[in-house]
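Student: Could we go through this model together? I would like to begin with the backbone.

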Amino acid sequence: MANDAEDAVRSYLTSVKEDLMTGVSFMIPFVTIGGIFLALGYAVASLSNNVQDVFSSTGTAGWFLAQIGVAGLTLMVPVLGAYIAYAIADRPGLAPGFILSYIIQQGNVLQAAGDVIGLQGGSAGAGYLGAIVAGFLAGIVARWFKQRDVPEFIAPMMPVLIIPVATTAVLTPIMLFVLGVPISIANASLTGFLSNMQGGSQAVLFGAIVGAMMAADMGGPINKVAYVFSVGLISEGVTAPMAAVMIAGMVPPIGLALSNFIAPQKYAAEMYENAKSGVLLGFSFITEGAIPYAAADPARVIPSVVAGSAVAGAASMALGVTMPAPHGGIFVVPLSNQPFMFIACILLGSLVTAVIATAVKPDFDVRVAAQNQNADD
């Protein structure tokens with residue numbers, strides 16, 4: 001009985017993670033376009049020495065690029081909510097998820113809702129936290145409507161008319177007057193807290209935590225929590241966590257490949273070819289490139305990569321390195337405010353991982369012999 005309950009909980013949590021990651025996967029192209037074009041807009045404006053006036057210099061190349069960037073970063077949040085709902089309820093959940101996620105981003109709407117319920121705040125919008133809540137609620141409610149038995153002549157209207165309208169009608173007052181304003185206040189507090197983390201011990205601690213999370217399971221749920229959190233902050237104009245996360249995610253494959261090159265006797269012979277591809281995967285921000293090493297020797301490899309990524313993330317936050325793009329690895333380094341420091345943090349973390357892994361791992365032949373001896377005993 002206990003095992004059945006445990007399996008049910010595990011299945012539910014897996015489903016929630018998959019729904020969230022569906023939303024994130026559809027959101028990422030919007031963030032990528034928004035971050036890159038906005039950075040390009042500022043870069044073009046800086047050539048004319050009017051970077052601060054990029055949004056007021058109407059009609060200039062920088063202004064047009066910045067408009068595209070703002071559009072991408074504005075739409076990314078409703079898209080996140082829309083496709084979370086889509087993952088749960090399919091097409092009937094898409095429009096309610098988008099509309100509800102969009103409406104709670106409007107500061108004037110939430111401020112008016114706050115006035116109605118007597119709660120001050122909400123003028124900044126509910127951010128990606130609100131979109132996640134709206135997406136899950138819209139999906140759950142739309143799926144409930146979808147599972148109702150209706151007369152045959154009504155069935156064709158359910159997915160395109162009745163379910164989207166009913167879901168939006170049911171959830172709008174809840175999102176505006178019950179959840180929207182508190183989420184907006186929490187989102188503003190979180191954003192303000194992170195915005196003030198430029199240098200100092202708090203930034204170092206934050207960078208170390210998200211860096212360690214990126215390496216802990218190398219692309220698994222813990223990694224994705226840190227990644228989604230940092231991607232969501234890009235729309236709030238907070239891009240230092242994204243840099244820390246990207247740098248930390250690049251460290252494990254590169255650091256382990258470096259260890260493999262330095263001390264090939266500590267690894268299986270076939271791992272040497274894996275090291276070559278690991279460098280490319282690491283610089284492409286594909287943390288999963290370290291998985292073959294972790295699978296072969298998790299007790300030594302995982303602490304090594306966690307330490308290296310934590311150091312890299314902490315250094316990135318301490319130095320105030322930023323990254324407006326959510327993916328791309330080495331190919332988007334020019335978009336950072338400190339490209340050389342971005343690369344330096346990668347190298348620092350990779351060296352830490354390489355040194356620790358090389359120090360703690362015995363020679364491969366010795367380890368195999370010990371395993372065989374244990375098996376014989």
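Tutor: Let us start with Phe285, which is placed in the loop between α10 and α11 (291–296); helices (H or I, at least four residues) and strands (E, at least two) are DSSP runs, numbered from the N terminus. This is a predicted model, where local features need pLDDT of at least 70, side-chain atom pairs count only at pLDDT 80 or more, and totals for chains, interfaces and linings use all residues. Residues are numbered from 1 along each chain as its sequence is written, and side-chain values use heavy atoms, with hydrogens and water left out.

Student: What is the phi of Phe285?
Tutor: Phe285 has a positive phi of about 60 degrees, although it is not a glycine.

Student: Is Phe285 buried or exposed?
Tutor: Phe285 counts as buried, at 5% relative accessibility. Buried means under 20% relative accessible area, exposed over 50%, and partly exposed in between (1.4 Å probe, protein chains only).

Student: And what about phi of Asp90?
Tutor: Phi of Asp90 is positive too, near 65 degrees, in a residue other than glycine. Asp90 sits in the loop between α2 (61–89) and α3 (91–103), and counts as partly exposed at 37% relative accessibility.

Student: Changing topic: which helix holds Ser259?
Tutor: Ser259 lies in helix α9, residues 240–262. Ser259 is buried, with a relative accessible area of 0%.

Student: What does the side chain of Ser259 join in a polar contact?
Tutor: The side chains of Ser259 and Thr358 are joined by a polar contact of 2.7 Å. Such a contact is a pair of N or O atoms within 3.5 Å; within protein, one must be able to donate a hydrogen and the other to accept it, and residues adjacent in sequence count only if both atoms are side-chain atoms.

Student: Which residues is Ser259 in contact with, leaving aside neighbours within four places in sequence?
Tutor: Ser259 is in contact (heavy atoms within 4.5 Å) with Tyr267, Ala354, Ala357 and Thr358.

Student: How many helices and strands does the protein have?
Tutor: The protein has 14 helices and 0 strands.

Student: How much of the protein is buried?
Tutor: Of its 377 residues, 45% count as buried.

Student: And the contacts between residues at least 6 apart in sequence: what share joins residues at least 24 apart?
Tutor: Among those contacts in the protein, 73% join residues at least 24 apart.
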